[in-house]
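Please have the sequence and the model at hand while reading.

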Amino acid sequence: MSNSPQSTGRRVAAEVTVSMDGYSGTGPDDDMSWCMDHIVSPQSELYYEGIWRGVDTALLGRTNWEGFTAVWPGLTEDPDSSARTRDLGRWLATVEKVVFSTTLEQADLDEAKWTNARIGRDLEAEVRTLKARPGRDILVLNSASIIRGLLTAGLVDDLYLTVVPRTLGGGVRVLPDGYAASWRLAAATTFPDTGALSLHYYR
């Protein structure tokens, strides 16, 4: 049995951090403090670099767009940030980005420091078009609503699920209700510094 993905061409990867009880956030005002120790750890930076360097299109929802663009330009410009953090910040600022929102307009994206971003409305149609185009892989950046929609549509090829040793007791779940599917394990990575575990599943 093969230990590698069978499909060829552009793949859609979803990367998300979840609590031990399966939540990807506490709700609309989630400040991510529950998982920041892991996200900013040197081990985590090295792991995520192995994912994003193979990607030339990123997908975000409105909440992550607003949160990321409020924080990442400062991190990128901060001389105290690590070299990997600054590299990731520059990549985020310039990579092709599609922001799925029913309320944001293109003018809202154009006001941010990040460039090369456009509005997407029809998630499934947009991603099918992106998959058919030449290019490197497509990455969903921790946006639970987008991941749920793409899982339901059968459009996620790789799922990077990082579990941090915290429970939230409620919030936003990344897996859709009633979702049933089989996946294969490509790799499991442990992070001794933070106690997190990342599972890379594929199909």
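## Basis

The model is predicted; local features need pLDDT of at least 70, side-chain atom pairs count only at pLDDT 80 or more, and totals for chains, interfaces and linings use all residues. Residues are numbered from 1 along each chain as its sequence is written, and side-chain values use heavy atoms, with hydrogens and water left out.

## Largest pocket

The largest pocket has a volume of about 1200 Å³. A pocket here is an open set of points on a 1 Å grid over the protein atoms alone, where a 1.4 Å probe fits, with protein on both sides within 12 Å along at least five of seven lines; lining residues have an atom within 4 Å of a point. Points are joined across faces, edges and corners, and the volume is the space filled by probe spheres set on them.

The lining consists of 40 residues, and Met32, Asn64, Phe68, Leu141 and Asn142 lie nearest the pocket centre. Elements that each supply at least two lining residues include β1 (12–18), α2 (42–52), α4 (83–94) and α7 (144–152). Helix α3 gives the largest share, 8 residues. Helices (H or I, at least four residues) and strands (E, at least two) are DSSP runs, numbered from the N terminus. By class, 19 lining residues are nonpolar, 13 polar and 8 charged. Asp, Glu, Lys and Arg count as charged; Ala, Val, Leu, Ile, Met, Phe, Trp, Tyr, Cys and Pro as nonpolar; the others, Gly among them, as polar.

## Salt bridges

The count of salt bridges is 14, each being a side-chain nitrogen of Lys or Arg within 4 Å of a carboxyl oxygen of Asp or Glu. One of them pairs Arg53 with Asp87 at 3.4 Å, N to O. Arg53 lies in the loop between α2 and β3 (55–61) and Asp87 in helix α4, 34 residues apart. Arg53, at 40% relative accessible area, is partly exposed, and so is Asp87 at 25%. The cut-offs are under 20% for buried, over 50% for exposed and partly exposed in between (1.4 Å probe, protein chains only).

Asp157 and Lys131 form another salt bridge, with the closest N and O atoms 2.8 Å apart. Asp157 is in the loop between α7 and β7 (158–163) and Lys131 in helix α6 (residues 123–132), so this pair ties together parts 26 residues apart in sequence. Asp157 is buried at 11%, whereas Lys131 is partly exposed at 24%. Through shared partners, salt bridges also join Glu49, Arg53, Arg84, Asp87 and Arg90 into one network.
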